[in-house]
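Subject: Structure for your reading

Dear colleague,

Please find below the structure that I would like you to study.

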Amino acid sequence: MDFSLSPQMEELLPQVREFINSKVIPLEMPVKKKGFRASLPELNAIRAEVKKRGWWTPQMHKEHGGLGLSLVDHGLLSVELGRCSLGHYSFNCQAPDAGNMEILALFGSDAQKEKYLHPMVRGEIRSCFAMTEPEHAGSNPVWMSTTAVKDGDDYVINGHKWYTSSADGANFTIVMAVTDPNQQQHFRASMIIVPLDNPGYKFVRNISVMGDTGDDWASHAEVRFENCRVPQSNLLGGEGMGFAIAQERLGPGRIHHCMRWLGICERSFEIMCEYAAKREVAPGVALGTRQMVQQSIADSRAEIDAAKWMVLHAAWAIEKFGQKEARDEVSCIKFFVAGVLQRVVDRAIQTLGGLGVSDDTPLSYYYRHERPARIYDGPDEVHKQSVAKRILKRYGISISK
Ligand SMILES: Cc1cc2nc3c(=O)[nH]c(=O)nc-3n(C[C@H](O)[C@H](O)[C@H](O)COP(=O)(O)OP(=O)(O)OC[C@H]3O[C@@H](n4cnc5c(N)ncnc54)[C@H](O)[C@@H]3O)c2cc1C
């Protein structure tokens, strides 16, 4: 097995690391203090620089205006970008836009691509994805109340969604709504594009998450659709294809998230090691000489490396065999890497003591903002359950509920 990087990645990764260190990480604290929207001029300048360097929208195919990296190569790049909370946004491969670009490229009509995909790839507009509803368990996504009913040439959408990430300031959302309640449960819902200047769309609030409401791209909204009328041509793919499209979105999406989390792990690990080497617990005695700190370092290194190879293997499996065949690998990385992320950040905080829980390093931000990793895109338990069920099936037990 050959673990070496392609010549393109050998050249690209160190350049991107240097760029993130010198240009993007210095913006991290000021953006947190000032707010995201108020920092857009500085962020747009960084994005322009990324474009100039030819690194823009790395995950999209060249025919759609991206850099055309494979899933494995984009995964490797994502680790570098994930070292800074602004990395993916700076390169136009941030969630939820990256997932929406992907499904628009795969399932969008020519008119939808022209109106939504191309401006998004150019970085002119942002989007969001509205599936989860406060009244229903998001871990069972086929259960929803939002409906889209045909009326003349339109759909009329009614429903209540929350955790619609990045809705604040977005141009459009892709909403998941039931179009045929009489169908078998996986064919009841469809994805429909709703421009957010539609009078039937109501922005309720940005939800405060772990003490932070955020704004603009860095936020999670509660929204309502009240007799929200859109032309039927806004349907993405076919009617009843909502869950099939969601599967397309979630496989690569989980690879992107996991590799971003590994970037956070790497940054936390660097901060932990630098502190252990520098901090003295007594004159001339570095914290890193203490064996329990060494254990934190060694455990973190081993877990990050194990997680990284699992994710790269899952990315390779998706590319080689397709989403469906790779679903066990994808479920395993989703809960395993989220756990590694939580443990590594926690160890880094513990190693830094009071400094670790202060807001003077990015660790406390990671601790709060990345805790949802074990919940969104399927909670740990759901992924563990689906992997175990498929394994047990091979041992003769078929578990339907
Ligand atoms: C920061 C953040 C961003 C998000 N962004 C988006 C977005 O952009 N768009 C969108 O549509 N949604 C988004 N979500 C919603 C997310 O996908 C849901 O929160 C997730 O699917 C879980 O649904 P729920 O919150 O309703 O939890 P529930 O379904 O109510 O589950 C609660 C808990 O029960 C446990 N549980 C659930 N099922 C099982 C089981 N089978 N066995 C054992 N235990 C179980 C789990 O511990 C789970 O955390 C986001 C969520 C967060 C926190």
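At least two residues of the shell around the ligand come from each of β1, β3 (154–165) and α12 (380–394). Helices (H or I, at least four residues) and strands (E, at least two) are DSSP runs, numbered from the N terminus. The ligand is surrounded by 20 residues, of which the closest are Met131, Ala137, Gly138, Ser139 and Tyr163; a residue is near a molecule or strand if its C-beta atom, placed from the backbone, lies within 6 Å of it. Sorted by class, this shell holds 12 nonpolar, seven polar and one charged residues. Here Ala, Val, Leu, Ile, Met, Phe, Trp, Tyr, Cys and Pro count as nonpolar, Asp, Glu, Lys and Arg as charged, and the others, Gly among them, as polar.

Two points on the source should be kept in mind. The model is predicted: local features need pLDDT of at least 70 and side-chain atom pairs count only at pLDDT 80 or more, while totals for chains, interfaces and linings use all residues. Residues are numbered from 1 along each chain as its sequence is written.

Next, the domains. The assignment divides the protein into domain 1 (7–121), domain 2 (127–236) and domain 3 (243–394); such bounds come from an automatic or database domain assignment. Domain 2 and domain 3 each give at least three residues to the shell around the ligand. Their C-alpha centres are 30 Å apart. Nine residues of domain 2 make contact with eight residues of domain 3, where contact requires C-beta atoms, placed from the backbone, within 7 Å. The side of domain 2 that touches domain 3 has five nonpolar, three polar and one charged residues.

The strands come next. Strand β2 (residues 147–151) pairs with β3 in the antiparallel sense over five bridges; two strands pair if DSSP finds at least two bridges between them. Lys150 has Tyr155 in β3 as its bridge partner. Two residues lie between the strands of this hairpin, in which Gly152 takes a positive phi near 60°. β3 also pairs with strand β7 (residues 220–231), again antiparallel, over 10 bridges, and there His160 is the bridge partner of Arg224. By contrast, β1 and β4 run parallel and are joined by four bridges, with Ser127 opposite Phe172 in β4.

Helix α5 (residues 97–107) is largely enclosed by the rest of the structure because eight of its 11 residues are buried. Those buried residues, including Asp97 and Leu104, pack against α6 (110–121), β1 (127–130), β4 (172–178), β8 (235–236) and α7 (242–278). Helix α7 is mostly covered, with 26 of its 37 residues buried. From first C-alpha to last, α7 reaches 53 Å, close to the expected 54 Å, which is 1.5 Å times one less than its number of residues. Met292 lies in helix α8 (residues 291–321) and is exposed, with 8 other C-beta atoms within 10 Å.

With kind regards

Technical notes:
Buried ≥ 20, exposed ≤ 12 C-beta atoms within 10 Å, placed from the backbone. Contact = placed C-beta atoms within 7 Å.
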